[in-house]
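Reader: I have a structure open and would like to go through it with you. Could you help me read it, one question at a time?

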Amino acid sequence: MKTTLSHLKIGQSGIISDVNIEEIPLKLIEMGCLPGNYVELIQIAPFGDPLYFNINDSHVAIRLETAKEIEVTL
Amino acid sequence: MANSTIKVALIGNPNTGKTSVFNQLTGLHQQVGNYPGITVEKKIGSCKLSESLKASILDLPGTYSLNASSIDENVVIELLMNKNDENFPDVVVVVTEVENLKRNLLLFTQIKDLEIPTILVINMCDRMALKGIELDVPQLEKELKTKIALVSSRKNIGIQKIKNLIADYQSLSKEPCLNASIIDEEYFNKLRRAFPNQLLYKLWLVITQDVNFLNLDRKEIQNSFTKSHADLKRLQQKETIKRYQFINDTLKMGQKIDGTKTNTVRAKLDRVLTHKVFGYLLFFIILFGIFQSIFDWSSIPMDFIDSTFANLASYAKTNLPAGEFTNLISEGIIPGIGGILIFIPQIAFLFLFISVLEESGYMSRVVFLMDKIMRRYGLSGKSVVPLISGTACAIPAIMSARNIENWKERLITILVTPFITCSARLPVYAILISLIIPEKRVLGFISLQGLTLMLLYLLGFGAALFSAFILNKLLKLKTKSYFVVEMPNYKIPLFKNVGINVLEKTKAFVFGAGKIILALSVILWFLGSHGPDNDFGKASQIVQNQLDAKNQKYSPKFLEDQISSYKLENSYIGIIGKSIEPVIKPLGYDWKIGIAVVSSFAAREVFVGTLATIYSVGSHSDEEATIKNRMEAEVHADGSKIFNLATGVSLLLFYAFAMQCVSTLAIVKKETNSWKWPLIQLFFMSGIAYLTALAAYQFLK
């Protein structure tokens, strides 16, 4: 099943299937946010944003608006 | 090769312990400066490799890749691209961390492509067993075409190995790890034909980066090889994928990870520290603790410094031959130096707490917790770091706003940070609070004075948020919002790192601000002890005549005090103070306070020093030795105290809001690249300061 990172629940994981290159900072791509890599939602900040992921073993927090641009296969 | 020096550049991702490695290699042999024209900190240290061989080690700013996205990162790439730079390294040491090897190696492969001899340091190797990681070092060395040092900067393991590898750098391979040009062969072949003498990867960086390169004609390359921004980014993504493919293949052969040993400590701590209730609660408890302890702990050394310098001044006055030179020393220079040193305890404690929070990895969790809230005010979660650092000093705080990717959020952060109570305000607050707030405790343990200080901090923070809110509505800037925050592993802060950081920051502050304070003290002393000849020169005669005319009896001491106060009133500084009195009188200030306010425009902390100078010029009795006692003894003509509640509150509010710091204005100009923003800041802040001080005094008097 395909969805975006913004729809994951805490503890849920998947494989990145597509990223919207225009809306994603290069830094995130360099941290391993690339199609085929593992991703898991670790924590959601109070008030629902930002989101704290383990992406390809990098632990990063990104905002909801960025998470919406990354597609994931569960 | 007697006494030759190898130039080494230390490069690595943030949070890899690069600074620890630097500290271990160089100890206290470090020099901190700035790169010319920009305010990026430049740290160089020296390290002895053998009797005749030294290494000069440059600690470059942390970066995730050679695709720079900030001024700090630009420094790294500009240096590596310019062979003529005096700091261009003979050998690069890339610091990586064993748990994040995959990501850290991305930067390593990029640097290898520049064909510079490169050593790979894998740090935190003491955690390998704990995390179930095994490395096949010879295999990795072969695949990555480098030499590897397994290091634990924390346990001081492997540092000697780095030194040996540096000494032997000439035997390192310069061969790149992979061929980046396969991402678009046709394009890269054209590039190769057009610039046969240049390194292909270098050309590619010139095309994609927004940095200056002295030896390559950037326009020429760009014109003939332009691609759209999106196309370039797509190629950069392709390049990144290629690099990760190579890294994954390499690690498959050289690294084994036992997946059962996952990081439970981190997960548990994260659950508590980023919890929607406990997270905030803990954050505020930590902040409260910091402010209480700063006020409590530093009061002892501060009192000590205060009284020591008062004693020193009176000792100098009584034991040196009387004259102009002795006056300069005892009334200008000694109080001036005392006025600088008195900051050290508070600044050191603040930097201690801030660097412990950053070193431990906790600061990133605060960023995560606060982002949504801060965004309502047009700020970013990352603004928390400048805002908290602002409690030490606005200058490094404004510089730390650099890692906010969004320009509007960064600009607002820069503009509101000076509202935060910095350590330069502390001496002003401390002395005013101790004059107007009784030394009592409520509920047995909360000191009333500490509570007042806490309120002033909250006031500064509130003013910052409020103005951010207004600015967010007023500023019409459209920028894409990027927010990527790494959440590093939790670590117990290393004493050595924290210590060096505290030492460096305190030193920089004391010497930077100290020069201004000392110079102003001397100038103030001169202006206060000299004046136009008509009144000032004939002071003793005039006073004596006045007293004689009244036919009063007086002691010689009374005469002396009358003369010196007449002198002060008619000195240059008295004239300045009196001429601005109409403007400041509604705020409850007399001309002496006026002088202090005006002179502290350069830097707030000068306020206390100025009053000290003014009152020591005016008073001769020895029992009134410390500044506080002198201020307490100051009275209006009708005998009422000058530093009463109304004036005290009015002054506190004035200093809470006013932009009384030339260095901050200078740094804002530098960081925003225009005079527009610092000037707006100046008028806006000083306006608020004047109005609130006015309102407070008129209401309370």
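Reader: Among contacts in chain A between residues at least 6 apart in sequence, what percentage join residues at least 24 apart?

Author: Happy to start there, with a word on the source: this is a predicted model, where local features need pLDDT of at least 70 and side-chain atom pairs count only at pLDDT 80 or more, while totals for chains, interfaces and linings use all residues. Residues are numbered from 1 along each chain as its sequence is written, with chains lettered from A and ligands numbered from 1 in the order in which they are written. Two residues are in contact if their C-beta atoms, placed from the backbone, lie within 7 Å. Among the chain A contacts you describe, the share joining residues at least 24 apart is 56%.

Reader: Thanks! What pattern does chain A follow along the sequence?

Author: Helices (H or I, at least four residues) and strands (E, at least two) are DSSP runs, numbered from the N terminus. Chain A has 2 helices and 6 strands. Read along the sequence, they give β-β-α-β-β-β-α-β.

Reader: What radius of gyration does chain A have?

Author: The C-alpha trace of chain A spans about 30 × 25 × 20 Å along its principal axes. The radius of gyration is taken over C-alpha atoms, and the globule rule is 2.2 Å times the number of residues to the power 0.38. For 74 residues that rule puts a compact globule near 11 Å, and chain A agrees, with 11 Å.

Reader: In β12(B), which residue is the bridge partner of A:V60?

Author: Strand β5 (residues 58–62) of chain A pairs with β12(B) over 3 bridges, in the antiparallel sense. Within that pairing, the partner of A:V60 is B:E486.

Reader: Which element gives the most to the side of chain B that touches chain A?

Author: The contact takes 31 residues from chain B and 29 residues from chain A. On the side of chain B, α3 (101–112), α10 (229–254), α15 (362–375) and β12 (484–486) each supply at least two residues. With 8 residues, the element that gives the most is α10(B).

Reader: Is B:I517 buried or exposed?

Author: B:I517 lies in helix α21 (residues 495–529) of chain B. Beyond its neighbours within four places in sequence, B:I517 is in contact with several residues, including B:G336, B:I340 and B:V606. A residue is buried if 20 or more other C-beta atoms lie within 10 Å of its own, exposed if 12 or fewer, and partly exposed in between, with C-beta atoms placed from the backbone. Because B:I517 has 25 C-beta neighbours inside 10 Å, B:I517 counts as buried.

Methods:
Pairing = 2+ DSSP bridges.
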